[in-house]
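Here is a short report for a reader who is meeting this structure for the first time. Take a moment with the sequence and the model before reading on.

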Amino acid sequence: MLLGEQEQFLSYNGEVLVFQLSKTKHTKGEADKTMDLCVRRMAFNRDTKLFVQKSSGVFSMRASHLKIEIICCSCVTDSRTGIILPCVFLKKKKRNSVIKYLLLLLHSSNQFEQSFNFKLDYELKEDIRLFAGPSVLWRHADKLFYISSDTCKVLSAPVQLSSVVWIGEIVNEGTVVLGIGTACLPESEDEDGFSTSDRAIWGSEFFVYAIETQKLLSGTCFMPHAYSRVVSSVYVCKNEMLKKRLRISLVAVTHKNQLIRFQDGLPKGLCDLPYEKPCSVTPAVTSSNDLLFIVSFASGNICVVQKRDCLQVASKWQNTKSVLVDDFIGSGSEQLLLLFKDDSNTEVLNAFRLTDLGEVNYGSDVNYKCDVPPAEALQENGLLTVRALETRLQAGYTSVRELQQHLGLKRRVILESCRALIDLVEERTHILPTAKEVKCRREYRSLLNSAESFFEGLVSLWDDVENPPHSLSKETSLTSAVPEHFIEKLWQRVVGDSLVIGVKLTESFYLSLNDVSLSLVMDQDFSSISPIIECRNKIIKLKKAFSALSVSSCQIEPPPKKIKLDLHRKNDLQKEFPKRCSRVQLDGSKTVIAVTNLAPLLAFHRVRCIVLLHMKKQKHQKNSLQENKKITVLCGKITLSLEDISNGKYSVKMLRDNSYCTGSMEDILALLAVSIRFSFQIVSSDCTLTPVNSWLLGEMECTPFKECCDNIFCHKAGNAYGTVFNWNLKNPFEGVLTLFCRNLTVLFQCLHSLTRILPPSCSVKLLRSGSKGVLTEQLALALEKEMLTSRSLFFSKESKAESSSTWGNEPGKKISDAPVASLLDSEEGVQQFRKKLQSEREESMRSMNQTMSGGIYREMALKIAEAQLSSDMILWRLS
């Protein structure tokens, strides 16, 4: 096989595809001749630093009285499979001036597939492009034509173009063509005055034609029409739709030997190119995340423009025949493969340069054999590396051992602190361990000195040794300040894998609390584990009319918002606006609930836990921030054992009794505490929502609670069993459905069942917290409070009293308000007017330099932050 004159290069999946046309020699007597299209797959070898052939393929064509040429090749998407494949566009020229064009696809098996062919009576020479389909586009006689594998028919576009500068995909439009044509000025005045003036001055404009929709689009989002006389090639880097507006970022090369970057139709950067007649521009992203633009010139030269702070030429090469961009070495980033012209050798890829303008830099003219170290050097280097790794491993092991010892000391201190806390709450004198006891512990023998010094400091901290009666009396007085009868009941329930502990409080103590939480502490002495039990807290308030149950976790800030101040009180919105936001009154009690994982506790067979109630009272001090007073109260003890759980002693019992669910209030609260709450607003425009109630009572087999009639319990067998519903019908066409379910799977099952019975016109919207009407009213009140707070603080008497000087002139020292004209008639009047002007200037300066004490300023900032925090929270819930 003889090497033909034609060859084309293409990069595909890190390989170089070399397409060549060659004639096959036949034996004497054969009249027919055959032309072969050969492909060779070349891959870069990291050892030899050269490109080697991996495989090859051949496509044979009858070439009797025909002249076959390769027009171009590219990688395009096959519409049948969505896979990007290499394709080759060929031309067969016959003697009768009929030209046949052929498009071939190359598969991974090196087999060629003919996609389509067509015939024309003229030769394609201008702006030939291959794009997805595969499809072919060209320009002839200032008209645009294209053909695809789907239609196999030549189509024309209703646009006159003098050149095509880019073809590619655009959001919501598919494949589009960006070209330049003669300006078509509108008869009436255009809204875009700048575009009209550009077209009128330069006589040309950018045209954008969408092939799939067959419509013309505006070209101003790409570039101003003034650049249509100089742009020769374009590459669109990014296009997206933001706020119903097409945003495009691109680079363009011009006949003025410049590379210009455009963003949303405006020029953002410019770089002068080192050579003349730039033809095309291609991007590349290197290993250092640098964006490079490779510009090819008609003379065969190449230059690379780097985009950092500004566009600048990074490198340039001459006498090249092709440049390819791909990951040839398999590093995960792109490199440039420059193929140079070399007449001394006919081998493929004989002269090349592979680089990313960084660490990667290979060339065919470099001898790498001298860089390879001998075997002895490799062995010595490997030995040194192993020794260095062993040293680092030993240092790491020592650090880990020291960290384990440090963590062991910390855990012992925490355990001893927990024991001291339990003794303090139960009004027992806590005796700290001596140094000898610590020394007897084997695991802390290496940390004896540090432990002794720490526990000596711990003795002085708790003050149990020097003056235990004083310390105990102090804590006892703190506990006695709490009302005696605010804890009504302590209960526990087991729901699935969770242990629920509840403390019912009275309303009398609720009004003075800003933060309430529960802690569970194990009463046994386990030296190997921490006695503190991890749990999450919830506060559940019961309404007198039992029309709804409000379950609220600890209040948190909205995710996109940072905490302004740690106010140590995150009040519920119902408490913040009790008069206008609460539709029903509280029944005088609320329940604080702690939920913890049951499985770790069952490992001890029988567990005794102390339940502690933590509260924070805020005490306001004059000219200072409010002080938090922490209170800890012993609520009681609970006992849990495997035997009790097996007998169902603490299980939730929900039974049917005459169309009611007979669950106690503790059972209901425990069930709600372990559930996830979701509220949905259901609106129907053309029919009532009566099917929702029928769905709840029928398909979901729900029965209302006897203690709380508006909340219903699902008895349906399966995952939905145990789900609690609350259906609040505001009017026949709108209602709010609240679900308390175990997990998201149950939620989706319930919603799927609900949507089947709802009319198609219904809309279901997830509510973040509360109804929209109530939250809107709360937001109005919060904004009003914020405005009143700011006004009252800035114009208060206290801030005026702290001022360095009074506003305005003092009484008795006013200058008569004589007319200006009469004052200027005499010299004395001029002096009097000058004194008055000077006093007004001093008064203005004094009013601009008002001062206040630091305490008043801190109090003002705190009150303003509190008001803003409430309004921001409500606004987040409404969004």
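At 18% relative accessibility, Cys-72 counts as buried, because the cut-off for that class is under 20%. The model is a predicted one. Cys-72 takes part in no disulfide. Its nearest cysteine sulfur belongs to Cys-73 and is 7.0 Å away.

Cys-661 gives a second case. Its relative accessibility is 0%, so Cys-661 is buried. Cys-661 is in no disulfide either. The nearest cysteine sulfur, at 9.9 Å, is that of Cys-702. How many disulfides does the structure hold? The count is 0.

**The chain as a whole**

The chain has 879 residues, and 42% of them count as buried. Its secondary structure comprises 18 helices and 43 strands.

**Buried residues**

| Residue | Relative accessible area |
|---|---|
| Cys-72 | 18% |
| Cys-661 | 0% |
| Leu-751 | 19% |
| Thr-596 | 4% |
| Asn-110 | 7% |

Thr-596 belongs to strand β35, which covers residues 586-597. Which residues does Thr-596 touch, leaving aside those up to four places away in sequence? They are Asp-497, Ser-498, Leu-499, Leu-520, Ile-533, Glu-534, Cys-535 and Leu-601.

Helix α11 spans residues 665-673 and is mostly covered. Buried residues make up 9 of its 9. Among them are Met-665, Glu-666, Asp-667, Ile-668 and Leu-669. Ala-670, Leu-671, Leu-672 and Ala-673 are buried too.

**Two helices in contact**

Now turn to a helix pair. Helix α12 runs over residues 690-697, and helix α13 over residues 744-757. They pack at an angle of about 135°, and their axes are 10 Å apart. The crossing of α12 past α13 is right-handed.

Which residues make the contact? From α12 come Pro-691, Val-692 and Trp-695. From α13 come Cys-750, Ser-753, Leu-754 and Ile-757. By class, the residues of this contact are 6 nonpolar and 1 polar, with no charged ones. An α-helix has 3.6 residues a turn, so residues three or four places apart point the same way.

Helix α13 also holds Leu-751. With 19% relative accessibility, Leu-751 counts as buried. Its C-alpha atom is separated by 9.9 Å from that of Phe-680. Along the chain, Leu-751 and Phe-680 are 71 residues apart.

**Backbone details**

Some backbone features deserve a look. Gly-133 and Pro-134 are joined by a cis peptide bond, with omega about -5°. Pro-134 sits in the loop between β9 (126-131) and β10 (135-140).

Strand β9 contains Asp-127. Asp-127 has a positive phi, near 50°, and is a residue other than glycine.

Asn-110 is not a glycine, yet its phi is positive, about 65°. Where is Asn-110 found? The residue is in the loop between β7 (99-106) and β8 (112-120). Asn-110 is buried, with a relative accessible area of 7%.

Conventions
Residues are numbered from 1 along each chain as its sequence is written. This is a predicted model: local features need pLDDT of at least 70, side-chain atom pairs count only at pLDDT 80 or more; totals for chains, interfaces and linings use all residues. Side-chain values use heavy atoms; hydrogens and water are left out. Axes are lines fitted to C-alpha atoms, for helices over the stretch in contact, and angles run from 0 to 180 degrees between N-to-C directions. Helices (H or I, at least four residues) and strands (E, at least two) are DSSP runs, numbered from the N terminus. A crossing is left-handed if the near helix is turned anticlockwise from the far one by less than a right angle, and right-handed if clockwise. Contact means heavy atoms within 4.5 Å. Ala, Val, Leu, Ile, Met, Phe, Trp, Tyr, Cys and Pro count as nonpolar, Asp, Glu, Lys and Arg as charged, and the others, Gly among them, as polar. A disulfide is a pair of cysteine sulfur atoms within 2.5 Å. Buried means under 20% relative accessible area, exposed over 50%, partly exposed in between (1.4 Å probe, protein chains only).
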